[in-house]
Amino acid sequence: MTGPLRTALTSLTLRGRCLVAAGLTLLALAALLGERALAQLAVFVLTLPLLSALAVSRQRVRVAARRAVSPARVPRGEDAEVLLEVTNTERRTGRLWLLTEQLPAELGRSPRFVVERLATGGTAALRYRVHGGRRGRYRIGPLRLRLVDPFGLVQRTTSGTGDAPLLVVPRVRELGPGGPAGGQGGGAEGARRSIAVHGEDDVSTRAYRHGDDLRKVHWRATARTGELQVRMEERPWRASAALLLDTRARAHLLARTTAPGGAAAAAVPGPPGDPAPPPDSLEWLVEAAAGIGSQLARRGAVLRVVTEAGELGSATGRGGLGPADLLDRLAALTPSRGASLAPAVELLSRVAGDGPVVALLGTVGPDDLGELVAARSGPARDVAVLLDVTGWADPAGSRSRRALSASARAHLTGQLEQSASLLRGAGWQVVRAGADRSLESVWAELAHTRSVAVGVPA
């Protein structure tokens with residue numbers, strides 16, 4: 001028995017297996033009863049799967065598949081259209097093909113198509129839609145082709161090698177003016193930051209040295225010190241901003257995907273009018289980072305984003321993140337196993353400089369914030385968004401979300417209050433958020449605090 005025929009016989013469908021079982025039963029009865037006619041019928045029944053396997057094994061298939069995904073970057077909760085073009089590159093007309101496009105479960109169910117008698121060189125254009133239910137980088141494909149005989153007794157399956165990328169990025173909410181980067185401040189700190197952003201020269205000075213350009217003499221500093229002083233640099237400032245994103249798994253209530261396409265998110269309560277609310281607290285923080293970070297970057301800030309697992313670098317490896325780079329990096333962000341925010345705070349101390357910091361925090365206690373408060377405190381008043389993760393707990397204890405006892409809820413609420421008090425005492429502006437609150441409302445609350453100067457003009 002040849003290799004392809006042996007493979008085909010091992011690919012019997014349920015109908016083919018039942019027919020073989022029936023044929024063997026008839027053959028046993030014929031031998032027991034001595035009925036020749038019954039034996040002939042058994043041979044005929046057993047021959048059918050053999051002939052079907054021979055027919056399927058002789059089918060030669062050469063198929064080329066090409067995909068076009070539009071758009072190739074889609075926000076979470078939206079759809080993308082896939083155009084699949086299947087071309088018969090064999091010299092003979094194809095027979096009955098059952099095609100299945102292999103998809104990750106997060107994009108929905110794998111679509112199936114039936115293509116019959118595709119001519120040589122002919123192309124079948126097949127369209128379907130995928131749903132970006134969860135963030136991430138995905139591969140669409142490859143194509144799986146099943147060959148079946150006319151009786152449906154034997155099938156042969158082959159898979160292609162080509163696929164196409166799809167990037168599901170966080171949603172970017174349209175935020176109004178103001179917010180963390182909107183205030184100009186009323187004191188000296190706010191005035192200094194406003195001047196720096198609007199292009200005034202860096203006024204750092206040093207003592208005059210022989211050969212220095214006299215045009216760089218800073219006369220005010222000279223009069224103040226009694227010695228000739230020159231500007232160290234004459235380049236304009238550029239605003240900077242930093243996001244600290246708490247991605248620790250222990251700081252969040254994470255959703256479990258229980259159905260293709262992210263069906264777990266559908267049962268999550270969200271703010272009114274949101275058709276696809278974040279399925280868990282980490283997703284809320286990631287979308288907040290996308291919205292706030294994009295807003296700051298569009299206003300001209302050099303944006304740096306740090307987590308306890310490291311910094312999210314730009315595609316060039318230098319400078320800050322632009323809006324597109326920010327979404328690309330956030331798309332692949334996953335929960336970390338880190339136990340402390342200390343690595344993120346250390347990174348923040350190196351990259352934030354004098355610019356504003358927006359800390360997006362999950363479940364934190366006073367012990368988690370000690371190093372952050374020590375590193376960032378004073379009149380600059382950075383911004384902290386504290387998440388009340390209890391809104392993502394399921395009181396019914398379903399498989400998609402974790403349940404919390406009453407004592408656990410009370411403990412988390414008390415811990416949230418203590419953390420907020422600690423940060424406010426260190427000069428931070430603190431806003432609380434939860435599953436039922438949108439990023440737009442958080443941003444609007446920040447915009448109402450006009451005394452905060454963070455260094456980027458609205």
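This is a short tour of the structure above, one selection at a time.

**Before you click**

The model is predicted, so local features need pLDDT of at least 70 and side-chain atom pairs count only at pLDDT 80 or more, while totals for chains, interfaces and linings use all residues. Residues are numbered from 1 along each chain as its sequence is written, and side-chain values use heavy atoms, with hydrogens and water left out.

**The whole chain**

Start with a cartoon view of the protein, which has eleven helices and 18 strands. Helices (H or I, at least four residues) and strands (E, at least two) are DSSP runs, numbered from the N terminus. Of the 458 residues, 45% count as buried; buried means under 20% relative accessible area, exposed over 50%, and partly exposed in between (1.4 Å probe, protein chains only). Among contacts with a separation of 6 or more, 75% are between residues 24 or more positions apart; contact means heavy atoms within 4.5 Å.

In the model, residues 12–32 are 90% helix and 0% strand, with end C-alpha atoms 27 Å apart. Residues 38–57 are 100% helix and 0% strand, and their end C-alpha atoms lie 29 Å apart.

One joins serine 70 and proline 71, with omega about -10 degrees; proline 71 sits in the loop between strand 1 (63–70) and strand 2 (73–75). The other runs from glycine 141 to proline 142, with omega near 0 degrees, and proline 142 lies in the loop between strand 7 (136–140) and strand 8 (143–148).

Is glutamate 101 buried or exposed? Glutamate 101 is buried, with a relative accessible area of 0%. Leaving aside neighbours within four places in sequence, its contacts include Arg67, Tyr128, Gly141 and Pro142. Threonine 100 is in strand 4 too, and counts as buried at 10% relative accessibility. Not counting residues up to four places away in sequence, threonine 100 touches Ser110, Pro111, Arg112, Pro142, Leu143 and Arg144.

Arginine 117 lies in the loop between strand 5 (112–116) and strand 6 (123–131). This residue is not a glycine, yet its phi is positive, at about 55 degrees. Arginine 117 counts as exposed, at 59% relative accessibility.

**Select 342–351 and 366–375**

Finish with helix 8 (residues 342–351) and helix 9 (residues 366–375), whose axes come within 9 Å and cross at roughly 10 degrees. That makes helix 8 roughly parallel to helix 9. Axes are lines fitted to C-alpha atoms, for helices over the stretch in contact, and angles run from 0 to 180 degrees between N-to-C directions; under 35 degrees counts as roughly parallel, over 145 as roughly antiparallel, 65 to 115 as roughly perpendicular and the rest as oblique. Show side chains for Ala342, Val345, Leu348 and Ser349 in helix 8, which meet Glu371, Leu372 and Ala375 in helix 9.
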